Amino acid sequence: MIKNYFKIAWRHLQRNKSYTFINVAGLTLGITCSILIFIIVRFQLSFDDFHKDTGSIYRVVTDLHHDNISYTSGTPAPLGKALRDEYTFSEKLARVRTFGNTLVSINSGKEVHKFVEKEGLAFAEPEFFDLFNFPLVKGDKSALTAPNNAFITEKLAHKYFPGKDAIGQTIRIENSLNCTIAGVLKDLPAATDRVEQIYLPFIQMKDLDPSHADPGNWTSINNNMQTFVRLKKGISPASVEKLFPALMNKYYVDNRARTIYHFRLQPLGDIHFNPNYSGLVEKEYIWALALVGLFLIITACVNFVNLATAQALTRSKEIGVRKVLGGRRFQLFWQFIAETALITLLATVIAFFLAKEALPYVNQLLEMRMTISFSADTWLAAFLLILAVLVTFLAGSYPGLVLAGFQPVLALKGKLNQQHIGGFSLRRALVIVQFSISQLLIISTIVIAGQIHYSRKTDLGFIKDGVVLLPLPIQDKQKMDHLRTTLASMTGVEKTSLCFSPPASGDNDLDAITFDNRAKPEPFNINEKRGDDQYLSTFGLTLIAGRNFFPSDSAHEYLINETLVRKLNLSSPQEAIGKSISVEEGKPKGTIVGVVKDFYNYSFKGEIAPICINSNYRTYSLCAVKLNMARAGQLLPAFEKLWNNTYPEYNYTYQFMDDSIAEFYEVETVLLALIEVFAGIAIFIGCLGLYGMVSFMAVQKTKEIGVRKVLGAGVQDILWIFGKEFLRLLILAFLVAAPVGGWFMHNWLQDFVYRIPLNAQVFLLALLSTIVIATLTIGYRTLRSALANPVKSLRTE
Amino acid sequence: MIKISDLQKVYRTEEVETVALNHLSFEVKEGEFVSVMGPSGCGKSTLLNILGLLDDPDGGSFIFNGTEVAHFNERKRADLRKRNIGFVFQSFNLIDELTVFENVELPLIYLGVKGPERKQRVETVLDKMQIMHRRNHYPQQLSGGQQQRVAVARAVVNNPKLILADEPTGNLDSSNGNEVMQLLTDLNEQGTTIIMVTHSEHDSRYSHRIIRMLDGQTVTENILV
């Protein structure tokens, strides 16, 4: 019996090639996307789930309560030691300080090989390797207690010392620190937020970051100075957090500090997802993606149901015969399910290979290392199985019931009509579902694209085009002056400035300030920008009161922004000029000499901060060069040559300012790319179904069209028969999609302080674009019907 | 074998009520060959559908082989049908996606007959109908006469007690029509009861008895043999 089912299914599919193509293509695309989305979602949810007792591992994080609350994944460096020495709640506790973009030099005897490791390095306490499952393949973790030892991964060992045993070899870090390889770590799994592949003893942190190595420094917090703990069995994080106030009282003599710092335990499972503490992906995005996957499957199934039900009429004779010959309802139902299963199986197999082909592109887009394997990944195998069964029943049940329910007498006489296949209304409803999904995705695409465009094109208050940022690897005044003056003398270079960071940057230095003669520090932190006297002119910042500061090597004179003027409750920028200001406790006071117009110093997700600009060459890490872009072709190689001559021990890199701004919206850009692709696919699947529907309608209406034409209807009247049907469905779909899409996108935009308005244009554009797409899809087929010779169409009847 | 008494069937739409069978009664004995004739709309097809257990009557009694079947549910009707009744239609009603062999095999599949036995029975009947050489062809590759022979083969493959034929020669030329009528006669001679709806006086002469219908009732019965 089953063999017979599949045999007839296969022949039916072969006979109806276009029907088969539309169904298989739609399902294949839908399933391909859902496989990819499943892999992405599962990969994201599996971050750092391979450690032992993940449920009892926490990161200590800090909430900073100023006039608003800000969050950091870091803690003061001494906190971890105090928690370990003075409390008993931890089974294991480790501090780790990470640095990005590490320069590693290997001296092979003949020459020095330099590598810039983007993932950076970590100074870690030995217990780090008890907490986290990063096993050593060579060496012992105790080696991380001795200075000048290092662990590297197998991958790096192979890269630095190909064909040699890495143990005992020397690497030089940042041209200052010689370390001996004492351990080789197994390569890191793809799904971990701990990306560093070089580990050095925590006690050696002083060599790269003396301020955080100071055991008394309880007020300086860096995002990358982190403390991890595994709680003993039976200890709850809440009970640990209750211990923190007493600890604060002991180590913070200053009452104000006690009110600012609040330590919390963040579960390991939250780290990847919590944006407050630099989590990479918000869980909402992951669920949204899963929802899109579900939408695509629904769209593909809707196609199937629609076409199969429409096709049911053409199979009425077969069903009638089978019933006459004794076929029972459930047998006919299962026969159709078997057919659907065959199509689904075919689509799933093709989809799997398509997903395999597409995964490298997805990996590139998302900068991930996801893999796809049917045999090695039982989750994926289970997902595919469940998906295939689900799709089979979702798509096959309704048409199966309709077919199995045919009255044999009517079926044999060909007297079944639309009413017998559930009428038009159900298929209309399904088309509405499909269009709603497409329009929802189109609305999302328009809003996300609009917001990104707005973020890129809005005047940020400073120049970002044609500005190149060159790194200053060491704070050697002579070298940086040489670099800057030589750059400035090149033809095509318009301005140059030495600075810590550009006006908008991910690297920010937040400090408390005391203004004028006020007794207490202000209840907010300012964002401190450091640059030389050319900073304003290079970045095109506008001075609205006072003057620029004079050239100086240290901070005597300050510029502030309008926001700071307001936050200080001053009536005008002029009022700030000449007043004293002290930035960071214990530092000498300086004088405010000018006020600059506000500029966007964060991404559009953050409010414009109160800002102080001053000069201090000891902090400069960049040389910003404003150049004439017409000469960029000659200038960039010249920059590289000059830079390499100035810093021969380091590796040259550069970045355009607009690229660095674009990095603020990396997640959104990726999101947009994904939504665009998936919306495109949803629309395409919908169009396939629409084409199938309209073809079917055209056949059904052949006689009606013929009669109408004989009675005097013109081409446009005939087109309108189809047009009004689909236009009505589109508008109904829009009435569903617009409020839902509006709600989703309103919530999404709330992430941005500076955002585009969600106005009627967005929705009209979505509606209009679906109308255009639908018209293009059905246009050819309807026109063919409308132009058909009525004599011919009536004769065929 | 078949006894119907006072059989009624009424088709209703929102505004119109059509009486298809109006207190119809007759009997068919085992081994008989009966023709049912009458003008279009007289209720012949409705009668055949009810006799074939494809439709149920609104009133009256239908006794098949001593069992009252008028109000059987779909499952019971399908079961009784597949074991006892074979159908031959005017338009053959072969499944286009199946070969000759597979079309004939279908009733046996629904009866749950095992593969080797099925093969043997299908081959026997195809041989008998002289279409063995066409066993792997699809219906659309056959002539009308050949198609109807396949349909007859399909109707008899499960050795039914009763064959219901709905204008079996309606789509055939006279020579093919005669061949089919001869097939039915042969089957009848071997013991199969046949009830045939026809417009053709010529065909009706192959039967033992003619029931003439008008407006859902029998008007005359002619015994030919």
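In chain B of this predicted model, six strands come together in an open sheet of 6 strands with mixed pairing, in the order β6-β7-β8-β3-β9-β10. Strands here are DSSP runs of E of at least two residues, helices are runs of H or I of at least four, and both are numbered from the N terminus; two strands pair if DSSP finds at least two bridges between them. The edges belong to β6 (85-88) and β10 of chain B, and each has a single partner strand, so one side of each is left without a neighbour in the sheet. On average, neighbouring strands are turned by 20° against each other, direction ignored; axes are lines fitted to C-alpha atoms, for helices over the stretch in contact, and angles run from 0 to 180 degrees between N-to-C directions.

With strand β8(B), residues 193-197, β3(B) pairs in the parallel sense over 4 bridges, and here B:S35 stands opposite B:M196. From β9(B), 6 bridges lead on to β10(B), residues 217-223, in an antiparallel arrangement, with B:M213 opposite B:T218. These two strands form a hairpin with 2 residues between them, and B:D215 in the turn has a positive phi of about 50°. Helix α6(B), residues 174-189, lies across β3, β7 (162-166) and β8 of chain B and runs at about 150° to β8(B).

Elsewhere in chain B, B:R77 sits in helix α2(B), residues 74-84. This arginine is buried, with a relative accessible area of 12%; buried means under 20%, exposed over 50% and partly exposed in between, for a 1.4 Å probe and protein chains only. Leaving aside residues up to four places away in sequence, B:R77 touches B:L53, B:L54, B:D55, B:D56 and B:F72, where contact means heavy atoms within 4.5 Å.

Turning to chain A, its secondary structure comes to 27 helices and 24 strands. The C-alpha atoms fill a box of roughly 100 × 60 × 60 Å along the principal axes, and 53% of the 797 residues count as buried. Among contacts between residues at least 6 apart in sequence, 79% join residues at least 24 apart. Helix α3(A), residues 77-86, has the buried residues A:A77, A:P78, A:L79, A:G80, A:A82 and A:L83, which pack against elements including β1 (57-65), β3 (90-99) and α8 (244-251) of chain A.

Both chains contribute to the second largest pocket. Its volume is about 770 Å³, and of its 31 lining residues the closest to the centre are A:K413, A:K415, B:S45, B:T46 and B:N49. A pocket is an open set of points on a 1 Å grid over the protein atoms alone where a 1.4 Å probe fits, with protein on both sides within 12 Å along at least five of seven lines, and lining residues have an atom within 4 Å of a point. Grid points are joined across faces, edges and corners, and the volume is the space filled by probe spheres set on them. Two or more lining residues come from each of α15 (408-412) of chain A and β2 (17-28) and α1 (44-51) of chain B, with α1(B) giving the most, 5 residues.

Residues are numbered from 1 along each chain as its sequence is written, and chains are lettered from A and ligands numbered from 1 in the order written. Local features need pLDDT of at least 70, and side-chain atom pairs count only at pLDDT 80 or more, while totals for chains, interfaces and linings use all residues; side-chain values use heavy atoms, with hydrogens and water left out.
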